[in-house]
Amino acid sequence: MASYIVRRLQQMVPVLFLVSILVFSIIHLIPGDPVLIMGGSLLQNRPEVVEQLRHQLGLDQPLYVQYLQWITKALRGDLGVSMWNQEPVTKIILQRLPATIELALVSMLMALAVAIPGGIISGVRPNSLLDRVVTVFVTMGMSMPGFWLGIMLMLLFAVRLKWLPPVGYVPINQEPVRNLRYLVLPATTLAIVIAAPMMRFLRSSLLEVARMDYITTARAKGLSERIVIVRHALKNALIPFITVVGLELAGLLAGVVVIEWVFGWPGMGWLIVDTINRRNYSLLQSSVLLVALVFLFMNLIVDILYAFLDPRIRYE
Amino acid sequence: MNADVNAESPFEGAQEGFKDRFWQSQSGELAKRIVANRVALGAFVVFFVIVPSAILAPWISPYDPYEMHHDAMLQPPSTRFPLGTDELGRDLLSRVLHGGRVSLTIGFAATIMAFVLGVPFGIISGYVGGVVDDVISRVSDALLAFPPLLLALVVVAVFGPKEHNVVIALGIMSAPHVARIARAAALVEKGKDYILAAMCIGASSWRILWRHVLLNSMAPLIVQVSLTVSLCILIEAALSFLGLGVQPPTPSWGNLVQLGYSFVNRAMWYAVTPGVAIFITVTCINLMGDALRDALDPRLRGSR
């Protein structure tokens, strides 16, 4: 087990390096002079200020030196300052993170509450009426654009029925009840979007397991169907399912851009779109790096968990 | 099988036409399975209604999608404007049709790019192995470290929200998944005996790669096509919805939903309709992909 973890970590190192290079290139790939881009119209006719800024930001140094400076600062937790208002990037990100985490966790719980029973019923009794209902739900859920589903739900519950507020956010520590009211629509939308692939995966996982010889053996031993399903089929089918859950959670924690945008939910995803629109490239660089790292590490954790649960993986 | 008992000579009536040979071939088996699956058939039919409508949009649209009718702004669906009008009096049916043209073109172009990039790298990575495999896999992992939409967002943010940049962004986003599938398939083929046999009779590596490995890896790749197209269409819609994809006034299904979103209180139909178009199209593609996957699954072959 330990050797597997070490191997995976070794594989990660070059990937981390490449990711940091990719993110670093963001500002430097943009056509035009980075200083002018960052400074904007304020620097139009002041070449001496441009030069001073360039020197101050270290942009007059060769690229690899700039990269090294940036990466060493980032490793120490100093992600620079936002071009817009000179606030430290770390502070801005920490402000946005709770909203994303809250949305991610609640959506995942809702999705699991639906996906696990649905997937099990569907997988254990394929081609039954319930299975067909689940399959329709899965197909629809996977084909719908998330933002459109969000708008539809908003139209129904906020505009027509006026049961819930359409957009907005209040931090949970300030007004918990209002926070939850704002949370319902985006969380439901997200839950539907991620529940669909999870249900389908659990279903196909169960169907595959059902064909295994050990299931036949279990039945031949005379075990009740319930025990066969729960103790043998489900336990094994849940392993790959857990990896899918982990991957979806990784995506959620990385900040679901579109849903946050539709509902005005100020999390990491919303932050990224906002910084792109405002051309706040230093903030963009750091937030993209953070998001990519979160995603990467979540994937790593999922892989390790899978290896832990399924010993066969460790020896590949 | 097709012996004509009234034929003059014993050889005449026993000709097998192209049709007979087709239905007995591998593609014919595939076609038989698809036809038998009515849902897939329905999806196929609807898809082949949607795609030509999108392609022929300039000829079948009732109005010019940019023409503004100042007497009919934000009108609900009527006989004059079957899907209503937008805030500038433009006919929504025409805009949705043209938007389909844009969205589908981008989706397919991005898929082509993803495969042009992903398949060669994937197959070479899987077949050659060693350092080449390591390097290509690390680069692929680095790209996969970003959630899909984020990667496309960043590429578009850097290079500007033009249509060809969207295609490039989506292509880059999808290529690693394609490369992974191609690599896995190549690894499977590599272990098979016929490759060894080909090497023994002196076939060059290129020939082996092209003729044997690639051709026999097609099945999972074909299924991946449908997954990639649907993902690209959905992400293009998301990008355009965020204002970072196709820019107005050029219609795209995504930016039509965005514009409709700002009028969601007054003009429900505006936001709903392009979304329905996306939904139906992607559903059809997914259903066809499922049918293809079931049909191509070797484990089920011969069990019917």
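**Group meeting: contacts between and within chains A and B**

Good morning. In the structure before you, 32 residues of chain A are in contact with 32 residues of chain B. Please keep in mind throughout that this is a predicted model.

Let us stay for a moment with the side of chain A that touches chain B. Six helices of chain A each supply at least two residues to that side: helix 1, helix 6 (129–143), helix 7 (146–160), helix 11 (257–262), helix 12 (268–277) and helix 13 (281–309). Helix 1 of chain A gives the largest share, with 7 residues. As to composition, this side of chain A holds 29 nonpolar and 3 polar residues, and no charged ones.

Chain A consists of domain 1, residues 2–75, and domain 2, residues 89–309. Between the C-alpha centres of these two domains of chain A there is a distance of 33 Å. The two domains do touch: 13 residues of domain 1 of chain A are in contact with 13 residues of domain 2 of chain A. On the domain 1 side, helix 1 (2–29) and helix 2 (34–39) of chain A each contribute at least two residues. Which helix supplies the largest share of that side? Helix 1 of chain A does, with 10 residues. The side of domain 1 that touches domain 2 in chain A comprises 11 nonpolar residues, 1 polar and 1 charged.

Let us move to chain B. Chain B contains 13 helices and 0 strands. Of its 304 residues, 43% count as buried. Among contacts in chain B between residues at least 6 apart in sequence, 65% join residues at least 24 apart.

How are helix 3 and helix 5 of chain B oriented to each other? The axes of helix 3 (residues 38–55) and helix 5 (residues 92–128) of chain B come within 7 Å and cross at roughly 100°. Angles of 65 to 115 degrees count as roughly perpendicular, and the two helices of chain B are therefore roughly perpendicular to each other.

Where they meet, helix 3 of chain B presents B:Ile50, B:Val51, B:Ser53, B:Ala54 and B:Ile55, while helix 5 of chain B presents B:Leu97, B:Gly100, B:Arg101 and B:Leu104. The residues of this contact in chain B divide into 6 nonpolar, 2 polar and 1 charged.

Thank you for your attention.

Note on methods
Residues are numbered from 1 along each chain as its sequence is written. Chains are lettered from A and ligands numbered from 1 in the order in which they are written. This is a predicted model: local features need pLDDT of at least 70, side-chain atom pairs count only at pLDDT 80 or more; totals for chains, interfaces and linings use all residues. Domain bounds come from an automatic or database domain assignment. Two residues are in contact if their C-beta atoms, placed from the backbone, lie within 7 Å. Helices (H or I, at least four residues) and strands (E, at least two) are DSSP runs, numbered from the N terminus. Ala, Val, Leu, Ile, Met, Phe, Trp, Tyr, Cys and Pro count as nonpolar, Asp, Glu, Lys and Arg as charged, and the others, Gly among them, as polar. Axes are lines fitted to C-alpha atoms, for helices over the stretch in contact, and angles run from 0 to 180 degrees between N-to-C directions. Angles under 35 degrees count as roughly parallel, over 145 as roughly antiparallel, 65 to 115 as roughly perpendicular and the rest as oblique. A residue is buried if 20 or more other C-beta atoms lie within 10 Å of its own, exposed if 12 or fewer, and partly exposed in between; C-beta atoms are placed from the backbone.
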